[in-house]
Amino acid sequence: MSNKLFKAASVLVIDDSEFDRRHVSRILEHVGIGEILTAESGADALEQLGAREADLELDLIVCDIEMPEMDGYEFIRRLRYGTSKPFQHVPVLVLTGVDTDKNVQTSRFLKIDGFVVKPANATDFSRLVRRIVAEGMRRMLDAELETS
């Protein structure tokens, strides 16, 4: 799939580790994502989303689970069921250092679209990002065609 397709896409990367934010951002750049936003915590991400509600069309959120202040699950709970209504249906990929049954169950409950164990394998992660972003774009196009 052409990288040109993803130039219009926006992705938010949330991770308390600067190294992991940079690693994921580099993979997203390689995919061809046009706008990559970063946040150091769930609280920081909610603040950024609140400030840009009117002008940001977000295609994907990549979120670490284990973060201080507000962990990834709390961020996703607030995203899905709380204050960020314009973003509550944005696909979410979670990153974690630990692949446990509890993490997988919680991910299902919170309607998470993918689960990636750190460090993210560039090939597998790129493929997953491409699939999720392309599906979202396809749904948006279908919705626009239905209303016109």
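**Notebook: α1 and the cores**

I began with α1, whose buried residues pack against β1, β2, β3, β4 and α5 (122-147). I count a contact when heavy atoms lie within 4.5 Å. Buried means under 20% relative accessible area, exposed over 50%, and partly exposed in between, with a 1.4 Å probe and protein chains only. Helices (H or I, at least four residues) and strands (E, at least two) are DSSP runs, numbered from the N terminus.

This is a predicted model, so I note the limits: local features need pLDDT of at least 70, side-chain atom pairs count only at pLDDT 80 or more, and totals for chains, interfaces and linings use all residues. Residues are numbered from 1 along each chain as its sequence is written, and side-chain values use heavy atoms, with hydrogens and water left out.

**Entry: helix α1**

I checked the length of α1 (residues 18-31). Its 14 residues reach 20 Å from the first C-alpha to the last, close to the 20 Å expected at 1.5 Å a residue. The expected span is 1.5 Å times one less than the number of residues.

Which residues of α1 are buried? I find D20, R21, V24, S25, I27, L28 and V31. They sit on the same side of α1, because they cover an arc of only 160 degrees around the axis. The arc is that of the directions from the helix axis to the C-beta atoms. On the face turned away from the buried side, I find the exposed residues F19, E29 and H30. Just after α1, G32 has a positive phi of about 105 degrees.

**Entry: the cores**

A nonpolar core is a set of buried Ala, Val, Leu, Ile, Met, Phe, Trp, Tyr and Cys residues joined through side-chain atoms within 4.5 Å. The largest one has 24 residues, of which L12, I14, L49, L58, I61 and F75 touch the most other members. At least two residues of this core come from each of β1 (10-14), β2 (35-39), α2 (42-51), β3 (60-64), α3 (72-81) and β4 (92-96). The largest share, 4 residues, is from α3. Apart from this core lies another, of 22 residues, including I27, L60, V62 and V129.

**Entry: S41**

Where is S41? I found S41 in the loop between β2 and α2. S41 is buried, at a relative accessible area of 7%. Leaving out residues up to four places away in sequence, S41 touches I14, M67, P68 and E69.

**Entry: V116**

V116 counts as buried at 10% relative accessibility. Not counting residues up to four places away, V116 touches V94, L95, T96, F125 and L128.

**Entry: the whole chain**

I count 5 helices and 5 strands in the protein chain. Their order along the sequence is β-α-β-α-β-α-β-α-β-α. The radius of gyration is 15 Å, close to the 15 Å of the globule rule for 148 residues, so the chain is as compact as a globular protein of that length. That radius is taken over C-alpha atoms, and the rule is 2.2 Å times the number of residues to the power 0.38. Along the principal axes, the C-alpha atoms fill a box of roughly 45 × 35 × 30 Å.

Of the 148 residues, 45% count as buried. Among contacts between residues at least 6 apart in sequence, 68% join residues at least 24 apart.
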